[in-house]
Amino acid sequence: MGNFGPAAREALKDGQLRSNFRRAMDGLMSKRAALFADQDEWTRLRALGESIKARALAQLPELLEKLEANCRKNGIQVHWAETTAQANDIILGLLQKRGAKTLVKGKSMVSEEMHLNAFLEGHGIEALETDLGEYVIQLDHEAPSHIIMPAIHKNKQQIARLFSEKIKEAQYTEDVDALTGMARQVLRRKFREADAGLSGVNFAVAETGTLCLVENEGNGRLCTTVPPLHIAVMGLEKVVERLEDVPPLISLLTRSATGQPITTYVNMITSPRRPGEKDGPEEVHLVILDNGRSRSYSDEQLRRTLQCIRCGACMNHCPVYTRVGGHAYNAPYPGPIGKILMPQIEGMEAKGELAHASSLCNACVEVCPVKIPIAELLVRLRTEGAHARADAPVLQPGAERSTAEALAWKMWSRMATSPTAWKMAGTMAGTFDPLMPEAFGPLADWKKGGRTRPRFAKKSLHRLLRDKGVPDA
Amino acid sequence: MPDARDSILSRLRAAPRGPAPGSDFSVMEDRFFPPEERLARLRKMMEAVSAEFFETTKADWPRFLHGLLVQQGIGSILYGPGSEAGQRLAEEWPEGGARAVAYDRPMDSFKEEMFNGVEAGLTSTLGGIAETGSLILWPSADEPRALSLVPPVHVALLDPDKLHNTFWQAMRALGWSQTQMPANALLVSGPSKTTDIEQTLAYGVHGPKRLIVLITR
């Protein structure tokens, strides 16, 4: 079983962490809101974005085959992986074939899902994160706490201290331009010397065999342009049907994620270096990862999880995420998307508890640019966690079932379906209420937040009405 | 791994599926900026992220650029000698001042100089996008990818008559899905930037620190 509860309680005690997240999330929410001020445009663009992803999912196997065929025609080699272990092996094989010792990485959440860096280091290959936020947390041996801004949990004093300790000849400074300059200096040499580059994929276009990447820093372009070998990894849900599907999705993605009308770079890769060209990688490979996605796909409701374009707006607006931060989830994808994705990827035993880390307030649903019904999916996953059944589209269905809870609900259901039992229980509760302890069982936990226990009324509503002369129905 | 491919695809094919929904692109079609306002809009959007603009003419831009580099203390510029812009630059570049460096061999043979030796790179553009303030670049054998990526300053030529309303409309007007896409197509909307340290904006983290746009009338 997981440990979200204890981790969340620990995080809540960390005032610095809470203020770092609060400030960041407030900024991101207001920047996003400013760019979707036109409600009519937002409504129509969002409907379009949803339809594009739903259309791609409705033809998913055909589009993946088309993507593969067009990539091959363009000279991009395509590989398929059922599991993260297979994907890691494919990448290791490609690197070893070229004798590669260093890999520069652009931001890729799928590679986090694969724990690729640790795997490669185990095989003597240096995997270096080059996105500034990812670089910061890699220096500190941490996991990302946000899918778009991985180092959002740190303030500049913490980063200044880290750089002065870990970067050779670096002086302590809190000047953001100077800190950025230090990272630039270290990483430019790495880009120049690296044997291979790795990137994620934001959208893969079946029609043309084109891989689209959005970014602001230019590290993604450097990773996909300078080294002789480029490996792109994507979850199988990243495919879209046509090139003209990409601009509306990019618009939804960049505005939702960081409140930018567009990112500095939109990088569209269709082939390796062509004859006569002077730069670009000699080899480009695309690794398509399943890792549980086809299992989710088998269920029409859970399939909607695969509409996600990874903008992070759901976490930016989540009252739980904002207070506990990303690390409490202990998962590559935190926040609302993580709460529905992780149980489906890793199973109910390891991650089913994340589906409960929500008040179902619906804030994430309101801002999702592709209308994923996150709250409905949370409830669905809670149900899958409580009921074992043979053909469930999740791993370890029923893993969260508790005998005591099941018994309590069974008793409740008996009582609530028998008027005599209901009446008797009501009378007893009213009579013995003053004798009941202030808190016991799960109530004790609930009361710790400073709440007072609700009291049972001395007389039930039925009784009060009868006393007033209203006849029972 | 052929078996992984086949088993993934067969699982996907076995899932229940309804008909693919249609998409209403009218919100993309409706976006419109009158032609006379497009340049101002593009400038405003790009200047908001620190891109710099200069006005020159189609006849005079190489001399203008030379003067600008000298004035700004930029000592060298990398260019693609096979491109139309590169040929103009080579022919009309004045003696002295800033040095013009031809990108005439594979990057692998002069990575060191490219990363540490040249201060600027010149590219043409296919046009611009008013809505988001973006330049469209199609690098090629004659105008390689690194010109807009590796040197600390990127200088881009923009023909003000080639401005589109939106990315979507530009893609359709230029018929991208019907033509062979280049190895790498790009939109560039400013200099390299990051907000990864405390959401504070900093320019030039990995790519160019400055983006200079020359409007060629």
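Predicted model: local features only at pLDDT ≥ 70, side-chain atom pairs only at ≥ 80, totals over all residues.
Close-up 1. Leaving aside residues up to four places away in sequence, B:T166 touches B:M28, B:R31, B:I129 and B:E131.

**Close-up 2. Helix α5 of chain B, seen from its buried side.** The helix covers residues 84-92, and its buried residues are B:A85, B:G86 and B:L89. Looking down the axis of α5(B), you'd find these buried residues within an arc of 100°, so they line one face of the helix. The general rule for an α-helix is 3.6 residues a turn, so residues three or four places apart point the same way. What do the buried residues of α5(B) pack against? Their partners in chain B are the helix α4 (61-72) and the strands β2 (76-79), β3 (99-102), β4 (120-123) and β7 (153-158).

**Close-up 3. The other face of α5(B).** Now for the face turned away from the buried side: here α5(B) carries B:E84 and B:E91, both exposed.

Close-up 4. Stepping back a bit, chain B is built from 7 helices and 12 strands. Its C-alpha trace spans about 70 × 45 × 40 Å along the principal axes. Of its 217 residues, 56% count as buried. Among contacts in chain B with a separation of 6 or more, 73% link residues 24 or more positions apart. The accessible surface of the chain is about 8700 Å², and carbon and sulfur atoms hold 50% of that. As for charge, chain B has 22 positive and 27 negative side chains, and the centres of these two sets are 5 Å apart.

**Close-up 5. Where chain A meets chain B.** How many residues does each chain bring to the contact? Chain A supplies 93 and chain B supplies 80. Between them, the two chains bury about 7700 Å², with 57% of that on carbon and sulfur atoms. On the chain A side, keep an eye on A:R184, A:R192 and A:K278, which lose the most area to chain B. Together, these three make up 10% of what the chain A side buries.

Definitions and conventions:
Residues numbered from 1 in each chain as written. Chains lettered and ligands numbered in written order. Heavy atoms only, no water. Buried < 20%, exposed > 50% of the residue type's maximum accessible area, 1.4 Å probe, protein only. Helix = DSSP H or I, 4+ residues; strand = E, 2+ residues; numbered from the N terminus. Arc of directions from axis to C-beta. Contact = heavy atoms within 4.5 Å. Areas by Shrake-Rupley, 256 points an atom, 1.4 Å probe, with all protein chains shown as cover. Lys, Arg positive; Asp, Glu negative; His and termini not counted. Charge placed at Lys NZ, Arg CZ, Asp CG, Glu CD. Buried area = accessible area lost by both parts, 1.4 Å probe.
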